[in-house]
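Have the model open and follow along.

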Amino acid sequence: MVVDLHISQHLGSKHMQTTTYIGVGMICPHIINVSVLVGGIISWGIMWPLIEEKRGQWYSEKLRSDDLSGLEGYKVFIAIAIILGDGLYNFFKVLTRTLSGLFDQLQRRRESEDFSMENSSSSELSYDDARRKQLFLKDQIPIWFAVGGYVVIAVVSMNTLPHIFPQLKWYYILVIYIFAPVLAFCNAYGCGLTDWSLASTYGKLAIFTIGAWAGPSRGGIIAGLSACGVMMNIVSTASDLTQDFKTGYLTLASPRSMFVSQVVGTTMGCIISPCVFWLFYKAFDDLGLPTGEYPAPNAVLFRNMSVLGVEGASSLPKNCLTLCYIFFATSILINLIKDLIPKKWARFIPLPMAMAIPFYIGPYFAIDMSLGSLILFVWQKLNKTKAEAFGPAVASGLICGDGIWTLPNSILALVGVKPPICMKFLSRSANTRVDKFLGS
């Protein structure tokens, strides 16, 4: 089978259409799917072919395809520039809204100082809300337990993590745990206001600060990535737990029972997650490779952020830094325009974060997601009521069905069972070379 697409020449991998991405496309808003598709067209349809023509001028012709001093460097660092621009803009946007919300709360508290708590509760809260508040506060977690638990976890981390990652010194971890509560509070409060968790942005902050602090001579790359994992776990857990407590508040659940459930779930994750990783690691030899079935693109992006933070711009190929500046500024400008113009027009502007994803990992999933979005769009035009009622169920079925197959697929790979049939889509030029090889 031949697909005459210029994009497929650059993919050159095992990626194929999966029902997972089609289901994700049905769940995600249309603007997300369009943004991903636009990003794939701009990068793999326009930019990378043009930059590849500069081979020998902008970078050496002798470099491997995965060398960061060549085309791969443009793919990775331009994507990082877009992600950082979008992340920083939204960070300051959410931070501004967080500080504004806190200021408004303090103002309202000062204005109501003359009223008693009983009168305020009876006048402002309904019976249901008053009941929820009473039950939620009656079974709250003591402050001494929360602070003591945090200190204990910090001490355990300082003693254990340096044995796993020798480059991550104990004093790096101490600094992270000192500043993390402030960042965790900002993330939890901002996530409650905007439904947008910036845990990955705080993780990138740890990458650059700890990585630059350690430096290249003391394993700054590993130290930065390890610090990112510590910071993201603290910050994301704060916002996730706050959302769970909000659900418990609305459903009259006990905060202590919810906290115990979180501890049990975390303990199970400490056992299950390494086992799942081991299963994938043993079953798939190409795990993490760009041309593999599971390329793990986020791992490559975060590692190269750490490389950039430790080694600086000297590691970038020619004109790559200029392009990074341009796309960084463009990402901020797009977000600014989206926030300034009326909502009826802003909803048609693509999202930079979504556009950045296919810059590195390719447009294959963008096509799948756009197909899912198209299916849902046509369904909504034909029968909007049924599409809204059954669309998420159909999408969940597509995702779960493809995901469930991963386990038997891994087991078959472990025991060495190979598929009896292999089907692959090639570009016209690649198909011609294959035909010549088979005919010779």
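Start at Ser331, whose side chain reaches the backbone nitrogen of Asp86 at 3.0 Å. Keep in mind as you look that this is a predicted model. Ser331 sits in helix H13, which covers residues 320-340. Is Ser331 buried or exposed? Its relative accessible area is 2%, and the cut-off for buried is under 20%, so Ser331 counts as buried. Leaving aside residues up to four places away in sequence, Ser331 touches Asp86 along with Ile82, Gly85 and Pro352.

How far can you trust the picture? The protein chain has a mean pLDDT of 80, and 89% of its residues reach 70 or more. Among the elements, helix H7 (residues 143-164) has the highest mean pLDDT, at 91, while helix H1 (residues 6-11) has the lowest, at 34. Over residues 1-15 the pLDDT is below 50, although this stretch still has 40 contacts in the model beyond near neighbours in sequence. Where pLDDT is low, the predicted coordinates should not be read in detail.

Now go to H7, the helix with the highest mean pLDDT. H7 has 22 residues, and from first C-alpha to last it reaches 31 Å, close to the 32 Å expected at 1.5 Å a residue. There is a bend in H7 of about 30 degrees at Met158, and a proline, Pro162, follows within four residues. Met158 is also one of the buried residues of H7, together with Ala154, Ser157 and Leu161. As a reminder about helices in general, an α-helix has 3.6 residues a turn, so residues three or four places apart point the same way.

With 23 residues (30-52) at 1.5 Å a residue, H3 should span 33 Å; its end C-alpha atoms are 31 Å apart, so the two figures agree. H3 has a kink of about 25 degrees, centred on Ser43. Ser43 is buried, and so are other H3 residues including Gly39, Gly40, Trp44, Met47, Trp48 and Pro49.

Last stop, the cysteines. How many disulfides does the structure hold? The count is zero. Cys270 is exposed, because its relative accessible area is 56%, over the 50% cut-off.

Terms used:
Residues numbered from 1 in each chain as written. Heavy atoms only, no water. Helix = DSSP H or I, 4+ residues; strand = E, 2+ residues; numbered from the N terminus. Buried < 20%, exposed > 50% of the residue type's maximum accessible area, 1.4 Å probe, protein only. Polar contact = N/O pair within 3.5 Å; in protein donor to acceptor, adjacent residues only side chain to side chain. Contact = heavy atoms within 4.5 Å. pLDDT = per-residue confidence, 0-100. Expected span 1.5 Å × (residues − 1). Bend = angle between axes of the 7 residues up to and from the residue. Disulfide = S-S within 2.5 Å.
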